[in-house]
Amino acid sequence: MNYEADYRQFVDSEEPLNSIQEKDWAFYGQCGLEYPFFYATPDPKRQDYFARPYSEDPLQRLDIHHLKTPQKKKRPVIFYIHGGGWTNEDKSNTRFVAHDWIKKGYTVVSINYRLSPNVTHPAIIEDCAKALKWVQENIHDYGGDPNRICVVGHSAGGHLAALLVAGVKWHKKYDIDIKKVKCWIPLSGIHDFNLQENYMPPMLGAAIIAMLGGDDNKVECSPVSHITGKEPPCLILHGGDDWLVPRTNSIELHDRLVEKGAKHTKLHIVKGYAHCNMILGFERPGHIPAKLINKYLDEMLPTR
């Protein structure tokens, strides 16, 4: 298999794939310098910040952020799941997107979860379910509204966001009221582990194999296998030049939701965006994914 030749069918750009990759990684490095690690050093004059465990493992932790402003009503909650191929990164990467949401008046909850290969499926999705249950039970103590939640994730986090919302078996196991999730936004997610193109990029293929823990988990770990049509409204986003996660994942998720009768399902393949820059540069003028997401949040989960 020739990755460069075969994968061209999944991107819009006429540039060589290595050129798309290099630009995307360079943008990641640049934004990493621009955005402070405000989770490590929050400004006590502007933000209330809380770090809380949702279970016993050191990685089973979440951070809660919102502006330190007077409020008459509980703030709507954005429940964010970070990416990183299920093997690395942590909740501090929420800094790339959370600044904008916090300024708009949301309570932002950013979660960590145990990582592969130390754990495999279903441990990671169960961590996400435990964290969501904790939020539904406790977020009112921190100024958040447990009845108005949006689940958001990028890349591996996009996969986990979709699996968390669609996975009825985990709702039952952890007594999650999914009706409290008013909408969900998976970005650049992996939604069907039986798609052969997911194994073409070496980095993605290796991460999938490590996380799954065996081919027997491919179906259960795929969000498309759990769609019932009763899911909350969603906005699915994917970069038109995503060199890492084939956009066919998001297209299939959208089509399965529509086929099953899910209401208010939207899909945007964002031209000119790759993988990393779908969540990077959120506060920069003209960032199209940010515009789409913030407009959607204004409609589905307004702060005012």
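Student: What is the order of the eight strands in the open sheet?

Tutor: This is a predicted model, with local features needing pLDDT of at least 70, side-chain atom pairs counting only at pLDDT 80 or more, and totals for chains, interfaces and linings using all residues. Residues are numbered from 1 along each chain as its sequence is written, and side-chain values use heavy atoms, leaving out hydrogens and water. Strands are DSSP runs of E, at least two residues, numbered from the N terminus, and two of them pair if DSSP finds at least two bridges between them. The pairing here is mixed, and the order is β1-β2-β4-β3-β5-β6-β7-β8.

Student: Why is one side of β1 and of β8 left without a neighbour in the sheet?

Tutor: β1 (47-53) and β8 (265-270) stand at the edges.

Student: In which sense do β7 and β8 pair, and what is the bridge partner of I236?

Tutor: β7 covers residues 234-239, and its six bridges to β8 are in the parallel sense. In β8, I236 has as its bridge partner L267.

Student: By class, how many residues lining the second largest pocket are charged?

Tutor: Asp, Glu, Lys and Arg count as charged; Ala, Val, Leu, Ile, Met, Phe, Trp, Tyr, Cys and Pro as nonpolar; and the others, Gly among them, as polar. The lining of the second largest pocket has four nonpolar and four polar residues, and its charged ones number seven.

How values were computed
Helices (H or I, at least four residues) and strands (E, at least two) are DSSP runs, numbered from the N terminus.
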